[in-house]
Amino acid sequence: MSLSQMTNSRRDIFKFAGGAVAGALFTPAPWRLITDTALWSENWPGIPRPARGEIRFKFTNCALCPAGCAVRARCVGEQPVSLAGVRGGLCPFGLSAHHLPYHPARLKQGPILEATAAVFQGAGKRAPNGIAVLDLNPGRTVSWTYRRAMASLKGLYLAPESQPLAYDLSAAKTVLSIGAPLLDGWGTPANVLAARPNFRLIQAEAVESRTAMLADQWIQLAPGTESAFAQSIPSLPYAKDLSLVLGDAPEIPEINRQLGAYGKTVFARPEAPVPEAWSKNAAAVTELAGVPDHSISVLLIDESSAVSYIPWHRIQRKLVRENPLVVTFATTRGGYARYAQYALPTAVYPEVLDDIAPAVDCIHPTFRIAVPLVPPPAGVVNPADFVSALAGLPASNSLRERADAVHHTTQGTVLTYADNKETPLKDLTADAFWKSLNDGTRWDRPPGLSIPSTVSACQPAAGRPSSPEPPESPADLPLIAIREPYTPALVSPLMTKLYQESGLRLAPNRVALNPRDARAANLSNGARATLQTRIGKCSVEVTVDPAVPPGAVQVGCSPGIQDVCGPSSRAKVVSA
Amino acid sequence: VKLRGTIVFAAGVLAAMGAGWAGFPRVVYQTYTQPVDFSHQVHADKAGSKCDDCHAFRADGSFAGVPTLDKCAGCHAAAMGSTVAEKNFIERFVTPGREPQWLVYARQPENVYFSHITHVKRGNLKCQQCHGGQGTSNTLPPYQQDRISGYSRDIWGHAGRPAMTMDACVACHRQSHLEHSCLDCHK
């Protein structure tokens with residue numbers, strides 16, 4: 001065959017291709033491509049990458065609740081990657097709080113301009129006392145800003161309690177707790193646990209809660225009989241040994257008075273000093289229940305760091321019937337944002353610069369601030385600036401002003417978290433004190449220098465105007481509600497482990513029923529259901545738990561559930 | 001006809017092998033030069049520097065990696081020698097205070113945790129056991145970046161330098177009779 005006869009046929013092309021494929025297998029190319037593609041897929045957009053950089057520690061205070069635990073934040077570069085307690089532990093919420101800025105349910109955008117225009121327009125038109133601020137974390141410096149603004153606008157400053165009390169567990173010998181979650185987020189964990197060996201704890205409640213399990217004695221009450229039990233306390237054989245009674249029952253303040261607890265273990269909750277000009281020009285603290293019905297036309301709600309929740313129907317009752325304007329400063333859409341005309345996003349801990357409200361178990365004034373560990377995103381509102389501008393208050397650094405007022409007292413000591421060192425306040429300049437607060441310290445006025453308010457300052461509130469509520473029918477609503485301890489509005493998604501795997505907490509949207517009641521309602525574990533009360537109804541998921549007594553329903557603390565169901569409310573759970 | 005078919009097949013094999021061994025690396029790797037013409041040898045011999053003088057551990061035990069400009073400027077605020085490389089370095093980076101964007105040959109995937117201090121202080125490994133002769137080289141080799149994965153070619157072992165792959169780590173641990181598990185590195 002001559003060369004002229006060697007033409008390339010289709011068969012030759014296939015043979016060459018086959019040879020190329022076979023040859024390629026003996027080169028690094030295909031194997032390299034497989035590995036490279038796998039590595040490339042590790043770096044797709046959206047895949048989280050751990051922070052790199054120098055490891056440093058920053059110190060601050062947890063702003064999730066008034067306990068204000070000291071926090072040591074481990075940071076890689078500027079990014080906090082883990083939080084731990086200083087001089088005591090943190091609760092699970094606090095341990096995972098550095099996840100909150102990235103929470104998928106977090107509110108990051110809102111109609112700020114529209115809300116501003118509406119509020120400024122509304123505040124100008126409405127009658128005096130028609131504007132109010134509802135502060136769900138009172139006792140902070142921003143609370144004083146609200147009070148000054150409302151004084152200027154002749155409005156109302158509303159708080160869940162007008163005369164909050166503080167309790168001294170270290171001075172108690174025997175404590176009777178009627179459903180109070182004393183060992184489960186009630187006070188400052190480190191303080192409560194430090195005082196715990198020195199007092200006898202009797203826990204009276206319907207379920208064997210975490211506090212009941214750790215108490216010296218658990219008295220199992222029938223659901224809904226807390227008030228009756230409280231009334232019977234003076235006749236109990238151990239009544240004379242009691243130092244303190246805790247709980248939500250309305251009879252408890254009077255019982256503590258009879259026990260002589262006021263001035264010994266019960267005090268008015270003390271606040272750190274404030275500039276004199278503030279206290280002269282501040283609106284009084286008013287409880288919502290004391291406000292006449294249908295009297296508020298513009299309501300601003302600060303739920304950005306809420307430590308309690310007031311059911312919406314109680315707020316709604318206070319609003320004017322026609323076109324009330326409600327603006328809420330919120331971190332999620334789950335709370336009052338469901339009802340407000342405008343929901344404005346705010347910074348969350350650990351983005352906020354804020355001081356911590358006095359703790360329920362601290363009888364001496366303290367001052368500590370939470371400093372931002374990460375910057376807040378663009379587009380969030382500072383509620384204090386918003387309300388100040390509305391009232392025309394001059395712009396100022398109110399936290400610094402308050403720190404200066406504290407410094408002016410020259411009393412007390414400053415505890416530095418980094419080295420656990422106490423320095424007398426009088427040894428620090430005002431600038432040094434302010435810097436130390438930002439670096440992680442707390443100011444305490446020692447007991448010898450402070451004079452806590454005594455019984456005269458913390459009389460239980462007199463009768464308050466309230467609208468009659470419709471009677472509850474045991475036939476229609478056969479169950480008595482038992483509520484879980486309060487949970488912050490935003491918790492790390494990792495906390496679902498507590499809810500779903502460990503069963504340590506009831507998830508906010510769940511209710512727990514005794515198997516007998518669940519069978520009667522034809523409900524199984526995990527079923528979707530509707531919780532009905534005389535106020536309304538909401539969707540829930542059911543947990544069947546033999547630890548819940550028959551005739552009771554243990555409810556989570558989501559805003560939806562709290563809107564329709566308070567403690568000891570009568571309720572019914574039906575299949576959805 | 002049969003011979004002709006074999007020749008065509010063999011030609012295909014050879015063409016693919018040529019492309020795979022010679023052409024593919026040129027296509028898949030993109031070559032960059034380091035921002036500074038740096039000589040480890042000069043620093044080791046003339047200045048008497050040791051590895052951990054510049055590649056130091058922080059107080060918390062974490063590895064600082066490539067030194068920052070502050071460290072370099074501590075000695076090179078003004079020229080110490082007469083080389084062009086040093087003059088360029090001072091003019092381009094030290095004087096304007098601009099951090100050199102070093103390309104790290106040993107950069108590992110984000111899902112890998114590697115503790116230098118454990119290997120150096122506890123395992124008594126020498127730097128060159130993983131980094132080869134980098135510490136005595138007179139010039140920094142070109143940085144060849146895989147266009148697809150984004151990692152350096154040096155990770156796979158290249159030009160006489162040891163590999164820094166997972167297989168290499170596991171092999172070393174096996175050879176040293178050390179326990180190893182996934183979570184040691186993939187935390």
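A:D135 is placed in strand 4 (residues 131–135) of chain A in this predicted model. Strands are DSSP runs of E with at least two residues, helices are runs of H or I with at least four, and both are numbered from the N terminus. A:D135 counts as buried because its relative accessibility is 0% (buried, under 20% relative accessible area; exposed, over 50%; partly exposed, in between; 1.4 Å probe, protein chains only). Its side chain forms a polar contact of 2.6 Å with the side chain of A:S143. A polar contact of 2.6 Å also links the side chains of A:D135 and A:Y157. Such a contact is a pair of N or O atoms within 3.5 Å; within protein, one must be able to donate a hydrogen and the other to accept it, and residues adjacent in sequence count only if both atoms are side-chain atoms. Leaving out residues up to four places away in sequence, A:D135 touches A:R140, A:S143, A:Y146, A:Y157, A:L158, A:A159, A:P160 and A:D302 (contact, heavy atoms within 4.5 Å).

Residues are numbered from 1 along each chain as written, and chains are lettered from A and ligands numbered from 1 in written order. Local features need pLDDT of at least 70, side-chain atom pairs count only at pLDDT 80 or more, totals for chains, interfaces and linings use all residues, and side-chain values use heavy atoms, without hydrogens and water.

Helix 5 (residues 141–153) of chain A packs against helix 13 (residues 383–391) of chain A at an angle of about 15°, with the axes 9 Å apart. Helix 5 of chain A is therefore roughly parallel to helix 13 of chain A (angles under 35 degrees). Axes are lines fitted to C-alpha atoms over the stretch in contact, and angles run from 0 to 180 degrees between N-to-C directions. On the helix 5 side, the contact includes A:Y146 and A:M150; on the helix 13 side, it includes A:V387 and A:L390. The residues of this contact comprise 10 nonpolar, 3 polar and no charged (nonpolar: Ala, Val, Leu, Ile, Met, Phe, Trp, Tyr, Cys and Pro; charged: Asp, Glu, Lys and Arg; polar: the others, Gly among them).

A:I369 lies in strand 18 (residues 369–370) of chain A. A:I369 is buried, at 0% relative accessible area. Its contacts beyond four places in sequence include A:T60, A:L353, A:L399 and A:W434. The C-alpha atoms of A:I369 and A:S232 are separated by 43 Å.

In chain B, B:P35 sits in the loop between strand 1 (29–32) and helix 2 (40–45). B:P35 touches B:R92, B:F93, B:P100, B:Q101 and B:W102, not counting residues up to four places away in sequence.

Methods: Parallel < 35°, antiparallel > 145°, perpendicular 65-115°, else oblique.
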